[in-house]
Amino acid sequence: MTARARLCAYAHLVLRITDARTGELVDATPARRGLTRVEAHTRGFDPTNLRVLLVADLLVRALELGGTPVWALLDGERDLPELRAAGAALGVRPFEEGRDTGPGLGEAQVLHVVSEGGATPDGVRVAVAPVHQEGLGGDAPDATGPAGLPAPNRPTEPTVLRLALLTHPRSTPLRLDQAALDEAAGTLERWRGAVAAWAHRPSRPIPDTVRVDLRTAWEDDLDAVGVLRLLRAVEQDPEVPDGARFETYAYADRLLGLDLTRALGALS
């Protein structure tokens, strides 16, 4: 695809999401960019429900990056304070209370984020597969780790858990163990160090092809895994100037929420 064709494609990108009721892709936002309600349906406080909240947060971010006004709601059966606190630790934006909420003023679309086998509200449903936690119980019965979940064997910051949860497609069951957290921690440390170093290089715009590829990934069924894959490619591509790498990572982080610029200023 030529650069001109990519730019034309970028201009027409619309977020499309798989509706769990039909298995088909549907537009996540109406053409007129009316208010879209994103409602996360949870059933308690555990890694699976935290993943549901995280996917809803990702959906809100993607819609807002596309210029769509969003009303974010959380409808939970129990343990909402704990889930909200865990979500905040992971960088999830605040969600309003969603139970028994009527239609919003000017609301044009409703997207429900649910766990597989969970709530079955009317409207488009975005299904999230379960998380199976293994070997993270900690030494003490009441030990807690990132975001208040059972503690890993070594201290882990919440953003590491966020990256570990984003590393697999939301439709795929995820095994969360110490190896997964260690891999995410290593990636996050490397990227933050690289972003801090790239910030000292002359600024360069994001290459058109990279920008289009990033937007194409997250507009295609909210493919966070594809976005992460592209960041790894940019990291290794010798044709991309360091200043452009910095801008690329900062831009993608508006969706991913991994605080990739945290180490800015740490390097002299």
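Which residues touch the most other members of the largest nonpolar core? They are Val 38, Leu 59, Phe 95, Val 113 and Leu 256, in a core of 69 residues. A nonpolar core here is a set of buried Ala, Val, Leu, Ile, Met, Phe, Trp, Tyr and Cys residues joined through side-chain atoms within 4.5 Å. Buried means under 20% relative accessible area, exposed means over 50%, and partly exposed lies in between (1.4 Å probe, protein chains only).

This is a predicted model: local features need pLDDT of at least 70, side-chain atom pairs count only at pLDDT 80 or more, and totals for chains, interfaces and linings use all residues. Residues are numbered from 1 along each chain as its sequence is written, and side-chain values use heavy atoms, with hydrogens and water left out.

Helices (H or I, at least four residues) and strands (E, at least two) are DSSP runs, numbered from the N terminus. Now look at Val 38. Leaving aside residues up to four places away in sequence, Val 38 touches Ala 56, Leu 59, Val 60 and Leu 63, among others. Its contacts (heavy atoms within 4.5 Å) also include Val 70, Trp 71, Ala 72 and Leu 73. Phe 95, Leu 111 and Val 113 are on the list too. As a general rule, in soluble globular proteins nonpolar side chains tend to be buried together.

Next come the charged pairs. The whole structure holds 18 salt bridges. Each is a side-chain nitrogen of Lys or Arg within 4 Å of a carboxyl oxygen of Asp or Glu. In one of them, the side chains of Glu 64 and Arg 93 meet at 2.3 Å, N to O. Glu 64 lies in helix H2 (residues 47–65) and Arg 93 in the loop between H3 and strand E5 (96–97), so the pair ties together parts that are 29 residues apart in sequence. Glu 64 counts as partly exposed because its relative accessibility is 37%. Arg 93 is also partly exposed, at 35%.

A second bridge joins Arg 175 and Glu 134, with the closest N and O atoms 3.9 Å apart. Arg 175 sits in strand E9 (residues 174–176), and Glu 134 in the loop between strand E8 (131–133) and helix H4 (158–166), so this pair ties together parts 41 residues apart in sequence. Arg 175 is exposed, at 52% relative accessibility. Glu 134 is partly exposed, at 36%.

Is Arg 170 buried or exposed? At 13% relative accessibility, Arg 170 counts as buried. Arg 170 forms a salt bridge with Asp 221, and the closest N and O atoms are 2.6 Å apart. Arg 170 is in the loop between H4 and E9, while Asp 221 is in the loop between helix H6 (208–219) and helix H7 (224–236). The two are 51 residues apart. Salt bridges that share partners also join Glu 157, Arg 192, Asp 259 and Arg 262 into one network.

Asp 259 has another feature: its phi is near 55°, a positive value in a residue other than glycine. Asp 259 lies in the segment after helix H8 (242–256). Asp 79, in the loop between strand E4 (70–76) and helix H3 (80–89), has a positive phi near 60°.

Strands E1 (residues 16–19) and E2 (residues 24–27) pair in the antiparallel sense over 4 bridges. Pairing requires at least two bridges found by DSSP between the strands. Thr 18 stands opposite Leu 25 in E2. Between the strands are 4 residues, and Gly 23 in the turn has a positive phi of about 75°.
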